Amino acid sequence: MTTDFLERLAMQADRIPDASALGTVGERALTYRELVDTVGRVAYNLGAAGFRPGDRMLFSIRPSVSSVTLVFGVIAAGGTIVFVDPGVGPELFAQRVKLVEPTWAATESLLYAVSGPLAGFGRRRGLSLPRFGALDVRHIHSGPWLPGTPSGSIPLRRFTGAAAGTATVPADPEAAALIVFTSGTTDEPKAVVHSRASLGAGLAAMSGRTSLAPGAFLHTEQLMMGLPALMAGARWAMPPYPRFGTHIDPVRFTQALHSATHAFYTPADLAVALDALESGAISPPPYLRQVALGGAPVTPALLRRARKSLPSTEFLAIYGMTEILPVAVTNDVAKLAHSGDLLGAPVPGVVARIADDGELVLAGPNLCRGYLGADPLPEVRTGDLARWDGDQLVLTGRKKDMMIRGKTNIYPGLYEPVITAIDGVREAIMIGIPDEIGDERIVLAVVTDPDAGDVAALLRARLPQIIDTTAVPDDIVIVDRIPTSGRTNKPDRAALREVLRERLT
């Protein structure tokens, strides 16, 4: 069977044309035939507007039916979607744009407004946004025209509406389909490039790892979970976003699972939902059969709570990374029965090996093509330490002091040199203090130059401009010295963690 996701989507449209495919909670869903037809119209209309195979489109629109069909249409037209977070700060955003050299940008009209004429409003809400309207690209805007929207910007509805024909761009499995940035700084933005082939292989690898099938109803805003649902012939419904912000409240999300049989949570969001379920503030979803968990470690404590609140629901722990997804999938029963941190057996096609230093190294058809501007990637080092237990992988620790916040892997070595270069900073060490659900509070310990002034205040203002907002520390603590150990006086992060834990409790 083909692994190209657009071809598989077309096959579903032939097989179950009238089944519900894609929608927003509370609204009528597009059928599979309507979805495929809409994608074809988008691809054709993009070409008529001057979009060419190989063009890259910056994408800053929250998930919705129209935004998902635009993503599919760009790929069908031979182009590349570049997911970019508008909240990373103007300097990092500018470096990422410089790296990818986009020719198009799809943006919510609200972002044009709050990064332009209404920038003061954005700053009052804690937003420091790049000037989207100043980008020298062709613009597409989602939503009503607002001040700051470039005069030549094309409304998204023009692409999803009527078309004079259908797209005829042949599918190229090696063509870049998605570009996703990993954590980084203004000095070293890093962009993962997935081809149509690697994307399709990842979706195929999920087949059989979940109970998604025709008649199932998945509730999520995550593209990489919604796509497997469509490949399986299930219905994918997205929760509506708040008018402002990019985070969906986990409690409201759970309340909206009226008819859903499947859902996706990060461990941190599931913990918030469980708080509400345990307190009786909300009722358990009546038809929820399976919940997929990913983006961060899934701890036994969280699974025990989840099974108690939702005893009829199976929980899947999905292990993967931006470069290769999925890698392994296991369920709550197997994970709780194992004495270690069980990841499960690698999914079909994934080749896993343990390096001499214990690091897990991965390859396979779902591995990304590589990093933009770099040589092809034959395998990827995960930064995780692992061992084999029969044919299953067990996580044993982390390499290079990686921390995890929400869905983001944070490597302090990326950020500490940048922070140390700021005036007044003599030493800077980032550490994570874990909680019971596997999330970590990021703490920055700083040794300052004498008479440097209020360095903590300077860093709070400066860091969101030069590093990923997902890596901005929760706390900044000024210390007299950083503990060291060994003959080379390497920073002793374990000792520092205990010092900071005492300071913050």
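Trainee: Is Phe-59 buried or exposed, and what is its relative accessible area?

Mentor: This is a predicted model. In it, Phe-59 has a relative accessible area of 4%, which means that it is buried, as the cut-off is under 20%. Phe-83 has 26% and is therefore partly exposed.

Trainee: How many aromatic pairs are there, and which form does the pair of Phe-59 and Phe-83 take?

Mentor: A pair of aromatic rings is described by the distance of the centres and the angle of the planes. The count here comes to five aromatic pairs. For Phe-59 and Phe-83 the centres are 5.7 Å apart and the planes make 90 degrees, an edge-to-face arrangement. This pair links distant parts of the chain, since Phe-59 belongs to strand S3 and Phe-83 to strand S4, 24 residues apart.

Trainee: Which residues of helix H4 are buried, and where on the helix do they fall?

Mentor: An α-helix has 3.6 residues a turn, so residues three or four places apart point the same way. In H4 (residues 90–100), the buried residues are Leu-92, Phe-93, Arg-96, Val-97 and Val-100. Viewed down the axis of H4, they fall within an arc of 140 degrees, so they line one face of the helix. Their cover includes strands S3 (56–60), S4 (80–83) and S8 (176–181), together with helix H15 (455–466). After H4 comes Glu-101, with a positive phi near 50 degrees.

Trainee: How do helices H1 and H3 pack, and which residues meet?

Mentor: Two packed helices are described by the angle between their axes and the distance between the axes. For H1 (residues 5–15) and H3 (residues 65–76), the angle is about 115 degrees and the axes are 10 Å apart. Phe-5, Leu-6 and Leu-9 in H1 meet Phe-72, Ile-75 and Ala-76 in H3. The residues of this contact divide into six nonpolar, no polar and no charged.

Trainee: In what order do the strands of the open sheet stand, and which are at the edges?

Mentor: The order of the three strands is S24-S25-S26, with mixed pairing. S24 (425–434) and S26 (475–478) stand at the edges; each has a single partner strand, so one side of each is left without a neighbour in the sheet. From one strand to the next, the twist averages 25 degrees. S24 and S25 (residues 440–448) are antiparallel and pair over nine bridges; Gly-432 has Ile-442 in S25 as its bridge partner.

Trainee: Which helix packs on this sheet, touching S24 and S25?

Mentor: That is H14 (residues 412–420), whose direction makes about 150 degrees with that of S24. Helix H16 (residues 493–504) lies across S24, S25 and S26 and runs at about 80 degrees to S24.

Technical notes. Residues numbered from 1 in each chain as written. Predicted model: local features only at pLDDT ≥ 70, side-chain atom pairs only at ≥ 80, totals over all residues. Heavy atoms only, no water. Buried < 20%, exposed > 50% of the residue type's maximum accessible area, 1.4 Å probe, protein only. Helix = DSSP H or I, 4+ residues; strand = E, 2+ residues; numbered from the N terminus. Arc of directions from axis to C-beta. Contact = heavy atoms within 4.5 Å. Pairing = 2+ DSSP bridges. Axes fitted to C-alpha atoms, helices over the stretch in contact; angles between N-to-C directions. Nonpolar A, V, L, I, M, F, W, Y, C, P; charged D, E, K, R; others polar. Phe/Tyr/Trp six-rings, centres within 6.5 Å; stacked < 30°, edge-to-face > 60°.
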